[in-house]
Amino acid sequence: MSFSWTGGEAKAAAALFLALAQVVAPMPDEPIYVWAENRVYIPAEANTSRPGLLSWDGVEYCLEPLERLKFDDPAPRVPVMAAGQTGKSNIGVVWVSWIICRSPRPIGLGLPNRAKAQAFNSKKLQPVIDKTEDLRDRVVPEGTRKARASTTIQKNYPGGSLTMFSASSVNDLQSESFGALWLTETPNFKAEVGSRGSPMTQARVRMDAWEAAGTKELHESTPGEEGECPISADYLAGDQREIYLACPHCDHSFRIDWEDFVVPSDPSEEPYVVPPCCGPTDGTIILERDMPALKRVIRRRLEAEAILTPETFAQITDDLAAGYLPTFVSQDPANPPPPRAVPKAEFTRWRDRPVEGRLNSYHFWQVLSPFKTWRGIAQDYRDAEGNPSEEAAFRQQKLGLPTVSGVKPPDHQVLVETAKAIGVIPGRIPPGTCWLSGQADIQGDRIEWAAYAHGPTFMARIDRGVIEKDPLTVDAWADLAEIVKRRYEGDHVRPLGFDAFGVDSGGVEGVTPRVYEFTRGRANVYAIKGATRPIPSGLPTELKKHKGKDTKQRTITVDLLLVDGYVIKRYIALGLQQFVASAELTAPLPGAILFEDDATEEDFKQLTAEVFKRAVDAKPGQRGEWHQTGPNEQLDLAVYGWALAYQKRVHTWDAARWEMMFKQRARVDETAPAPLEALWSADAQPVPKAETAPNPGTERRSLFSRRSET
Ligand SMILES: [Zn+2]
């Protein structure tokens with residue numbers, strides 16, 4: 001019989017499961033961790049430093065996320081973002097063992113690729129199945145002649161099968177239906193598989209048929225790059241639970257962050273923790289050997305919570321003040337996150353903190369792990385310190401925190417050479433682009449401006465200049481108005497105006513009203529304001545209607561584009577890297593930012609004038625800083641160009657949309673030469689003859705004016 005179920009078959013199976021569940025006597029409601037103890041066997045082959053029958057001693061931080069995985073718990077998903085060597089994958093191993101024995105249904109286990117799936121089976125799963133009696137009895141062995149013989153990536157048992165699938169295979173993602181899903185190593189998942197979007201979403205859809213029976217997902221992983229790795233996204237969307245331990249020296253419970261962990265410079269000395277409660281004032285310290293007793297309280301509290309009613313809950317004594325507390329930052333000032341140390345007497349209240357509809361999400365790092373010594377952590381840090389890529393790995397693997405890589409821009413001299421070698425022709429729209437942005441940066445005594453051409457693969461600066469006039473004078477703005485009206489052409493496109501033009505509104509004292517007056521009434525001209533904090537939507541830009549004052553103190557409404565330069569500067573740095581890397585190739589690399597072949601050393605000094613810094617122990621979501629080292633006007637202009645294209649959703653256009661755009665804007669004369677730059681021809685878009693079509697340009701919007709028919 002085949003287990004590649006269609007939706008209909010899966011629904012039927014789920015319905016049968018529900019019907020059976022009603023006639024079978026209910027299982028005693030023991031916690032999964034109690035069931036697993038002294039039953040699941042973790043052999044040495046399973047890469048553990050503690051082979052034998054499973055014991056939770058020392059890994060009590062795994063218990064609460066494991067309990068969330070029961071099917072009668074309302075949470076559909078349990079995100080666990082954690083360091084390596086903490087036993088986090090044992091949460092999954094125990095969970096699937098429990099499902100197979102106590103609540104069988106089809107399980108999907110998603111890994112980045114087939115090779116990883118096979119390695120996971122041989123290292124983490126098969127050894128456990130072989131040595132655990134309850135599993136051995138149920139899982140049909142491999143290599144038998146039975147129709148339901150298991151394979152390396154599919155374990156069959158009565159009531160379902162555990163299928164290890166590759167998250168990079170369209171076939172794998174489409175073939176099975178699951179009542180439970182376990183996703184691991186997700187930072188290595190591809191962003192998209194096939195044309196169907198993220199493999200995470202595709203895998204989650206496989207559970208739809210089982211919804212009535214209660215589906216569950218365990219998403220456990222070490223994190224990768226913040227904002228891009230799925231586990232940090234799921235963790236940040238949740239209530240962000242951290243372990244607090246009851247301090248043996250005072251009446252507080254505290255959590256251990258990296259900043260509390262003291263790495264002695266002499267490797268022969270023992271590392272220690274300064275508890276944030278009484279450590280700084282009383283000189284108390286926590287040693288590694290104190291940890292087993294502190295962690296045992298986590299379990300005692302969970303057990304107490306399970307048997308006590310809400311009424312008697314308050315009787316939990318202060319001595320049980322250990323466990324997870326939700327640390328997310330609420331928009332509601334009445335619901336603050338717990339400080340790093342809370343009075344034991346208030347622990348229950350903090351644990352009951354409203355989570356505002358967020359899922360429980362969990363983080364733990366190696367300081368809690370019995371599989372890693374503190375001396376080992378300290379040595380790992382000494383080895384990584386000072387080397388940015390090693391520090392990033394340390395942060396992910398040891399602290400279980402996502403990294404925000406600085407993305408160092410290339411050296412400005414290298415950029416000058418690159419521009420000479422593969423730069424575009426000044427003032428011309430290069431092949432591969434057909435959408436224009438313009439931007440102006442207001443300085444105290446002048447206005448600097450630039451023009452960028454955008455295409456599906458790259459953006460290119462094609463013009464720049466300086467208006468050497470005081471921006472508080474009318475003259476300066478008359479000059480800028482001429483710039484805004486400019487048109488550019490290319491060998492493949494007819495003359496085009498700016499699709500969007502942005503003017504910095506916050507740079508200079510007193511200039512804001514002039515910017516508002518200038519942008520109002522000009523189609524596709526926007527006032528730009530740098531965001532000082534993340535935009536609530538999480539996106540790099542936001543366009544809003546803004547009421548401001550003009551130069552006569554009248555209230556006017558303008559289109560104000562908020563620009564989160566913090567995020568965008570990273571893309572600019574990446575774009576400069578891609579520009580340099582493109583020099584070796586025959587076509588610009590994706591995301592590259594190109595420059596004119598006469599771009600100067602000063603241009604590139606400005607473009608690389610900011611350095612990214614972020615503390616190694618920064619909390620997830622906490623921002624680093626860009627430190628300015630010199631004039632940066634060209635960097636700001638590049639940021640504005642990127643932001644304008646982003647706000648106009650240019651990055652979301654697919655090949656068909658770009659093709660239409662190129663056709664609409666193509667030259668119509670027969671004599672148009674073929675693209676000259678053989679260098680770029682590999683990437684040139686098809687530009688057949690076609691009707692000319694609108695490019696808005698940026699004329700003053702008036703009831704009486706009509707779009708020019710250029
Ligand atoms: Zn203390």
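Colleague: What arrangement do the four donor atoms around the zinc ion make?

Modeller: The general idea is to compare the angles with ideal ones, which are 109.5 degrees for four tetrahedral donors and 90 or 180 degrees for six octahedral ones. Here the four donor atoms subtend angles of 105 to 117° around the zinc ion, so the arrangement is tetrahedral (for four donors, all angles between 85 and 135 degrees). Keep in mind that this is a predicted model: local features need pLDDT of at least 70, side-chain atom pairs count only at pLDDT 80 or more, and totals for chains, interfaces and linings use all residues. Residues are numbered from 1 along each chain as its sequence is written, and side-chain values use heavy atoms, with hydrogens and water left out.

Colleague: Which residues coordinate the zinc ion, and what spacing do its donors follow along the chain?

Modeller: A donor is an N, O or S atom within 2.8 Å of the metal (3.2 Å for Na, K and Ca), and sites may look incomplete because water is not among the atoms. The SG atoms of Cys247, Cys250, Cys277 and Cys278 coordinate the zinc ion at 2.3 Å. Along the chain, the donors have the spacing C-x2-C-x26-C-C. Cys250 and Cys278 link distant parts of the chain, 28 residues apart: Cys250 lies in the loop between strand E9 (241-246) and strand E10 (252-254), and Cys278 in the loop between strand E12 (272-273) and helix H10 (279-282). These labels come from DSSP runs numbered from the N terminus, with helices (H or I) of at least four residues and strands (E) of at least two.

Colleague: Is Cys278 buried or exposed?

Modeller: That is read from relative accessible area: buried means under 20%, exposed over 50%, and partly exposed in between, using a 1.4 Å probe and protein chains only. Cys278 has a relative accessible area of 4%, so this cysteine is buried. Of the protein's 710 residues, 54% count as buried.

Colleague: How many helices and strands are there in the protein?

Modeller: The protein has 23 helices and 25 strands. Among contacts (heavy atoms within 4.5 Å) with a separation of 6 or more, 71% are between residues 24 or more positions apart.

Colleague: At what angle do helix H19 and helix H21 pack?

Modeller: Two packed helices are described by the angle between their axes and the distance between the axes. The axes are lines fitted to C-alpha atoms, for helices over the stretch in contact, and angles run from 0 to 180 degrees between N-to-C directions. H19 (residues 565-582) and H21 (residues 633-647) pack at about 100°, with axes 9 Å apart. H19 and H21 are therefore roughly perpendicular (65 to 115 degrees). Gly565, Ile568, Lys569, Tyr571 and Ile572 of H19 meet Leu635, Ala638, Val639, Trp642 and Ala643 of H21. By class, this contact has eight nonpolar, one polar and one charged residues (Ala, Val, Leu, Ile, Met, Phe, Trp, Tyr, Cys and Pro count as nonpolar, Asp, Glu, Lys and Arg as charged, the others, Gly among them, as polar).

Colleague: Which residues have a positive phi although not glycine?

Modeller: Most residues other than glycine have a negative phi. Glu185 has a positive phi of about 55°, and the phi of Glu356 is near 55°. Glu185 sits in the loop between strand E7 (180-184) and helix H8 (199-205) and is partly exposed at 25% relative accessible area. Glu356 is in the loop between helix H13 (347-351) and strand E15 (362-364), and is partly exposed at 43%.

Colleague: Where is Phe394, and with which residues is Phe394 in contact?

Modeller: Phe394 belongs to helix H15 (residues 388-397) and is buried, with 3% relative accessible area. Leaving aside neighbours within four places in sequence, Phe394 contacts Trp258, Ile377, Asp380, Tyr381, Ala384 and Leu399. Ala384 is ten residues from Phe394 in sequence and 6.8 Å away, C-alpha to C-alpha.

Colleague: What does Arg340 touch?

Modeller: Not counting residues up to four places away in sequence, Arg340 touches Tyr244, Ser253, Phe254, Arg255, Asp257, Glu259, Asp260 and Pro276. Arg340 lies in the loop between strand E13 (323-326) and strand E14 (341-343), and counts as partly exposed at 23% relative accessibility. Tyr244 is 96 residues from Arg340 along the chain, with their C-alpha atoms separated by 8.4 Å.

Terms used
Angles under 35 degrees count as roughly parallel, over 145 as roughly antiparallel, 65 to 115 as roughly perpendicular and the rest as oblique. Four donors count as tetrahedral if all angles lie between 85 and 135 degrees; four count as square planar and six as octahedral if opposite donors are over 155 degrees apart and all others between 65 and 115; anything else is irregular.
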